[in-house]
Amino acid sequence: MRSLYVHPAVPWVTTVARLVVAGVLIAAGGLKIGTPALSIQAVKAYELLPDSVATAVGYGLPIIEIVVGVLLVVGLLTRWAGAVSALLMLAFVVGIASAWARGLRIDCGCFGGGGKLGAAQDPNYLWEILRDAGLFLLGAWIAWRPPGRFALDSALGIAPDTGGDGPEGGEPGLSPA
């Protein structure tokens, strides 16, 4: 066993990370779910997937974003949801970087839209990559740490309690190696 000090702020950092990632995912999914044709068009604009796969992704992505976002808000299956959100963000970073590297002039389609830019619009790839890389880091944090405050995982005994009664809750103490 090794002694670890878990700062009392860690559960709060995880909670904030959960809510930030959840808010982005729910907003992105919510803006796309009512317009599946635009979502499909945005996925196809990346020119990375066969049409049939791009269509399936265009339909399924908003649903996955909303479900993962809701799981993060309530803190249920938190580590799994954090891992899925991190993988989604990594896929978005790779897709945007690929579009940029190949000289495509598209909108990321992240928050709706059909992936097309207007004649006077320029892509904002760097900002989109930085945003999604930051969200990737938050998702990885969520997957790595206990679920934080106000999480159903803790209330249901699925994950360690973060209520402050021991090492996971922010008190100094011993933690299994």
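These questions and answers walk through a predicted model of one chain.

Student: In which order do the elements of the chain run from the N terminus on?
Tutor: Start with the tally. The chain has six helices and two strands. From the N terminus on, the order of these elements is β-α-α-α-α-α-α-β.

Student: What share of the residues of the chain count as buried?
Tutor: Buried means under 20% relative accessible area. The chain has 177 residues, and the share of them that counts as buried is 41%.

Student: Are helices α4 and α5 roughly parallel or roughly antiparallel?
Tutor: Helix α4 spans residues 78–101, and helix α5 spans residues 125–144. Their axes come within 7 Å and cross at roughly 160°. Angles over 145 degrees count as roughly antiparallel. Therefore α4 and α5 are roughly antiparallel.

Student: Is the crossing of α4 with α5 left-handed or right-handed?
Tutor: Handedness is a separate matter from the angle. Where α4 passes α5, the crossing is left-handed.

Student: How many residues of the contact of α4 with α5 are nonpolar?
Tutor: Take the other classes first. The contact of α4 with α5 includes three charged residues and four polar ones. Its nonpolar residues number 20.

Student: Is Leu130 buried or exposed?
Tutor: Leu130 belongs to helix α5. Its C-alpha atom is 8.3 Å from that of Val93, a residue 37 positions away in sequence. The cut-off for exposed is over 50%. Leu130 has 51% relative accessibility, so it counts as exposed.

Student: How does α1 lie against α4, roughly parallel or oblique?
Tutor: Helix α1 covers residues 10–33. The axes of α1 and α4 are 11 Å apart, at an angle of about 55°. That value makes α1, relative to α4, oblique.

Student: What is the handedness of the crossing where α1 passes α4?
Tutor: Look at the two helices where they pass. The crossing of α1 with α4 is left-handed.

Student: Which residue has its backbone nitrogen 2.6 Å from a polar side-chain atom of Thr15?
Tutor: Thr15 sits in helix α1. Its relative accessible area is 5%, so Thr15 is buried. A polar atom of the Thr15 side chain lies 2.6 Å from the backbone nitrogen of Arg149.

Student: Which residue has its backbone oxygen 2.8 Å from a polar side-chain atom of Ser39?
Tutor: Ser39 is part of helix α2, residues 36–45. With 4% relative accessibility, Ser39 counts as buried. A polar atom of its side chain lies 2.8 Å from the backbone oxygen of Gly58.

Student: How far apart are the sulfur atoms of Cys108 and Cys110?
Tutor: A disulfide is a covalent bond between the sulfur atoms of two cysteines. The cut-off for the sulfur pair is within 2.5 Å, and the count comes to one disulfide. Cys108 and Cys110 form a disulfide, with a sulfur separation of 2.2 Å.

Student: Is Cys110 buried or exposed?
Tutor: Cys108 has a relative accessible area of 9% and is buried. The cut-off for buried is under 20%. Cys110 has 12% relative accessibility, so it counts as buried.

Definitions and conventions
Residues are numbered from 1 along each chain as its sequence is written. This is a predicted model: local features need pLDDT of at least 70, side-chain atom pairs count only at pLDDT 80 or more; totals for chains, interfaces and linings use all residues. Side-chain values use heavy atoms; hydrogens and water are left out. Axes are lines fitted to C-alpha atoms, for helices over the stretch in contact, and angles run from 0 to 180 degrees between N-to-C directions. Helices (H or I, at least four residues) and strands (E, at least two) are DSSP runs, numbered from the N terminus. Angles under 35 degrees count as roughly parallel, over 145 as roughly antiparallel, 65 to 115 as roughly perpendicular and the rest as oblique. A crossing is left-handed if the near helix is turned anticlockwise from the far one by less than a right angle, and right-handed if clockwise. Ala, Val, Leu, Ile, Met, Phe, Trp, Tyr, Cys and Pro count as nonpolar, Asp, Glu, Lys and Arg as charged, and the others, Gly among them, as polar. Buried means under 20% relative accessible area, exposed over 50%, partly exposed in between (1.4 Å probe, protein chains only). A polar contact is a pair of N or O atoms within 3.5 Å; within protein, one must be able to donate a hydrogen and the other to accept it, and residues adjacent in sequence count only if both atoms are side-chain atoms.
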